[in-house]
Each structure stands twice: as C-alpha cells, then as structure tokens.
Amino acid sequence: LVRTDGQMLRESFLVDSGADSSMGPRELCDRLGYDWALGTPTILDGIAGREECQLQARIHPVDFCIRDAGLRLTILVCFAEADAPLLLG
C-alpha cells in the first residue's frame with residue numbers, strides 16, 4: 001500500500017474474487033493518511049442484512065504496489081468504522 005505521503009505500508013490481504021468490494025478497518029485508513037470523513041459514505045449491511053448490524057463506512061481510492069507481480073494499481077477500498085478484515089475483492 002502507498003501512504004498519502006508516498007511511503008510504503010506492507011499489509012497482507014485475503015484475495016476473494018467473489019467479494020463485492022475490497023475492505024479494511026478505519027484504523028488502516030488512518031495509518032494510510034486518509035481523512036476517513038472525506039471518503040464516499042456507505043453503509044455495510046453484512047450477511048444478516050438487519051439494521052442493528054449495519055456499519056458506517058467510507059470508500060477511498062488506494063494505491064497498491066504488488067511487488068511480486070510488478071504491478072501498481074489503484075483500488076477502491078471500503079473502510080469500515082469497526083474492525084474489518086483486509087480483503088481484496
């Protein structure tokens with residue numbers, strides 16, 4: 001991952017080709033230097049779909065460097081207000 005100051009941050013993500021989106025916790029958003037409040041707001045319903053299970057989230061474009069594949073790309077990541085897995089969808 002590339003922080004907003006250009007520094008690299010190494011993280012391991014689970015790759016899930018069936019996932020609706022890429023996601024992580026708000027604390028990762030903060031460590032990357034993004035202002036969580038400036039992201040595109042969204043609600044995560046989770047698998048239950050019940051209102052009491054909903055989480056606030058924000059979407060930010062994040063630059064990824066995949067060294068082993070020689071790739072650098074930008075992926076939209078949904079940062080959840082609560083703890084969330086590191087997931088590339």
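Analyst: Strands are taken here as DSSP runs of E of at least two residues, numbered from the N terminus. In this predicted model, His 60 is found in strand S4. Buried means under 20% relative accessible area, and His 60, at 6% relative accessibility, therefore counts as buried. Its side chain reaches the backbone oxygen of Asp 35 at 3.3 Å. Leaving aside neighbours within four places in sequence, His 60 is in contact with Asp 35 and also with Cys 29, Tyr 34, Trp 36, Leu 38, Gly 39, Ile 75, Leu 76, Val 77 and Phe 79. Trp 36, one of these contacts of His 60, also has Arg 58 lying over the face of its ring, at 4.3 Å from the ring centre.

Strand S4, which covers residues 55-66, also holds Phe 64, and this residue takes part in the one aromatic pair that a search of the whole structure finds. The partner is Phe 13: the ring centres are 5.4 Å apart and the planes stand at 65 degrees, so the pair is edge-to-face. Phe 13 sits in the segment before strand S1 (14-15), 51 residues from Phe 64, and the pair thus links distant parts of the chain. Both Phe 13 and Phe 64 are buried.

The segment before S1 also contains Glu 11, whose side chain meets that of Arg 31 in a salt bridge at 2.6 Å, N to O. Arg 31 belongs to helix H1 (residues 26-31), so this pair ties together parts that are 20 residues apart in sequence. Glu 11, at 27% relative accessibility, counts as partly exposed, and Arg 31 is likewise partly exposed, with a relative accessible area of 32%. A network of salt bridges links Glu 11 and Arg 31 with Glu 27.

Helix H1 also contains Arg 26, and the side chains of Arg 26 and Glu 81 meet in a salt bridge at 3.1 Å, N to O. Glu 81 lies in the loop between strand S5 (71-80) and strand S6 (87-88), 55 residues from Arg 26. Glu 81 counts as partly exposed at 39% relative accessibility, as does Arg 26 at 28%.

The count comes to four salt bridges; among them is one between the side chains of Arg 3 and Asp 5, at 2.9 Å, N to O. Arg 3 is partly exposed at 28% relative accessibility, and Asp 5 is partly exposed at 44%.

Note on methods:
Residues numbered from 1 in each chain as written. Predicted model: local features only at pLDDT ≥ 70, side-chain atom pairs only at ≥ 80, totals over all residues. Heavy atoms only, no water. Phe/Tyr/Trp six-rings, centres within 6.5 Å; stacked < 30°, edge-to-face > 60°. Helix = DSSP H or I, 4+ residues; strand = E, 2+ residues; numbered from the N terminus. Buried < 20%, exposed > 50% of the residue type's maximum accessible area, 1.4 Å probe, protein only. Lys NZ or Arg CZ within 6 Å of the ring centre and 35° of its normal. Polar contact = N/O pair within 3.5 Å; in protein donor to acceptor, adjacent residues only side chain to side chain. Contact = heavy atoms within 4.5 Å.
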